[in-house]
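Please take the sequence and the 3D structure together.

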Amino acid sequence: MTSKLFKPLCCVFALSLVGCGGGEVFTAPASSEFAHGNELLSATALTEDASHALVATQSEVCVWDNQLKARLYDCITGQGAEHVEFAGFSANKSRFFISNRLSVTLYDTRTGRSIGTWLTGQEIARDIAISAVGDTLVIAYRSGKAEVINTRTGDTKRFDIHRLDINSVALSADGQWAFTGSSDKYVKLWSTSDGSTRFEERLATRVNHVTLNKTASLGFAIDSVDDRVFFDLANQKELSEVASYSNFIEFTASQFINQDKWLLTGSPKMKMRLYRVADGELIAEYEAKQQRQRTSVLSVAYDGKQLYSETSDGLLQAWPFDKISTK
C-alpha cells in the first residue's frame with residue numbers, strides 16, 4: 001500500500017515480534033516519507049488525516065500541504081512564532097494554534113492569518129488542547145489551574161482543577177469535556193462550562209500524559225512509572241491496562257483510532273506503537289528514521305489507510321498496517 005503523499009520506498013516487511021501477552025506484534029519499514037526541511041523542530045502538529053503538517057523551529061512556524069508537498073503560505077515569523085513548544089490543529093482543519101507557554105495564538109489554516117492571541121499572565125502553560133471546530137481552547141497550567149477560552153467571543157474562564165501541575169490535557173470534539181492528568185497523581189474528566197468533575201481516579205505516581213476520544217466516553221492515562229490505564233468514562237471504571245513489563249514508558253503524542261479500538265502513540269525514542277484498547281495488548285510497533293542523536297516522534301496520525309509519524313527532525317513517514325486485524 002503506497003501513499004500518494006510521499007515518494008515510495010522499497011518495502012520489505014520485517015519479521016513479526018511477540019507481544020507481552022503472547023500475540024504477534026506487527027512491524028514493517030516505512031512505505032514512504034517526506035522531509036519538511038532539515039532543521040530541528042521545537043514542536044509539530046498533524047491533522048488527523050496527515051494531509052497537513054505544522055512544523056515549528058525556534059524562529060518560525062510553517063504550515064504544509066502534504067499532498068502538494070508545499071507550504072500553504074510564507075512561514076510565520078516574529079515574536080509570537082519564536083520558541084514555540086505547543087501546536088495543534090482543530091479536527092476540521094480550519095484552525096491551528098501555537099504557544100510558547102506564555103501566550104497562545106489561534107490562526108486560520110487557509111490563510112495563515114491570526115484570529116486572536118491570549119496571554120497566560122503569571123501562569124506557565126504545560127499543555128493545550130483545541131476542540132474539533134476550533135471554537136474552544138483549554139490551557140493547562142503549572143499551578144493546577146486550567147483556562148477555557150471561547151475563541152469566537154474571546155470569553156475566558158479559569159478553574160482550580162488540580163492541586164499541582166497539570167501535565168497533559170485532552171478535549172472532547174465538542175469542547176464540553178476536558179481530561180487532565182496532574183503531578184498530584186489524579187486524572188480528571190471535567191466540564192469546561194463550570195469546572196465540575198464527572199470522573200477522577202488516582203494513579204500510583206505523577207500523571208504525564210492523557211488522551212480522550214471524541215465523545216469523552218473513553219480515556220487513557222500514563223504515569224511516570226508503570227500505570228498505563230484505559231478508562232471507560234461513560235461507566236466510570238477501568239477498562240484495561242497496557243500490557244508491558246517495562247517501566248518508564250513515555251508518550252509524546254497519542255490518538256484513539258479505528259472507531260476507538262486502537263490507541264496510536266509516539267515516543268521520545270523514535271518509536272510509534274499501536275495498542276488494542278480492549279485488552280491493552282501491543283499490536284504494532286514502528287521505528288522512525290534517526291537523523292540526529294536524539295530523535296522523537298512528536299505527532300501521529302491515521303487516514304484510514306496508513307499510519308503517520310512526524311519526528312523532531314521534520315520527517316513525515318507513512319507506515320502500513322494491512323497485516324493487522326482491524327478488530
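Strand β15 (residues 145-150) pairs with β16 in the antiparallel sense over five bridges. Strands here are DSSP runs (E, at least two residues), numbered from the N terminus, and two strands pair if DSSP finds at least two bridges between them. Within this pairing, Ile149 has Thr156 of β16 as its bridge partner. The two strands belong to an open sheet of four strands in the order β13-β14-β15-β16, with antiparallel pairing.

The model is predicted: local features need pLDDT of at least 70, side-chain atom pairs count only at pLDDT 80 or more, and totals for chains, interfaces and linings use all residues. Residues are numbered from 1 along each chain as its sequence is written, and side-chain values use heavy atoms, with hydrogens and water left out.

One disulfide is counted, taking a disulfide as a pair of cysteine sulfur atoms within 2.5 Å. The partners are Cys62 and Cys75, with their sulfur atoms 1.9 Å apart. Cys62 lies in strand β7 (residues 61-65) and Cys75 in the loop between β8 (70-71) and β9 (86-89), so the bond ties together parts that are 13 residues apart in sequence. The torsion about the S-S bond is about 105°, so the disulfide is right-handed. Both Cys62 and Cys75 are buried; buried means under 20% relative accessible area, exposed over 50%, and partly exposed in between (1.4 Å probe, protein chains only).

Val242 sits in the loop between β24 (237-241) and β25 (253-257). Its relative accessibility is 7%, so Val242 counts as buried. Leaving aside residues up to four places away in sequence, Val242 touches Phe220, Arg228, Phe230, Tyr275 and Gly280, where contact means heavy atoms within 4.5 Å. Phe230 is 12 residues from Val242 in sequence, with a C-alpha to C-alpha distance of 7.8 Å.

The salt bridges number 13, each a side-chain nitrogen of Lys or Arg within 4 Å of a carboxyl oxygen of Asp or Glu. One of them joins Lys289 and Glu33, whose closest N and O atoms are 3.0 Å apart. Lys289 lies in the loop between β28 (282-287) and β29 (297-302) and Glu33 in strand β4 (residues 32-35), so this pair ties together parts that are 256 residues apart in sequence. Lys289 is partly exposed at 37% relative accessibility, whereas Glu33 is buried at 9%. Salt bridges also link Lys271, Arg273, Glu285 and Glu287 in a network.
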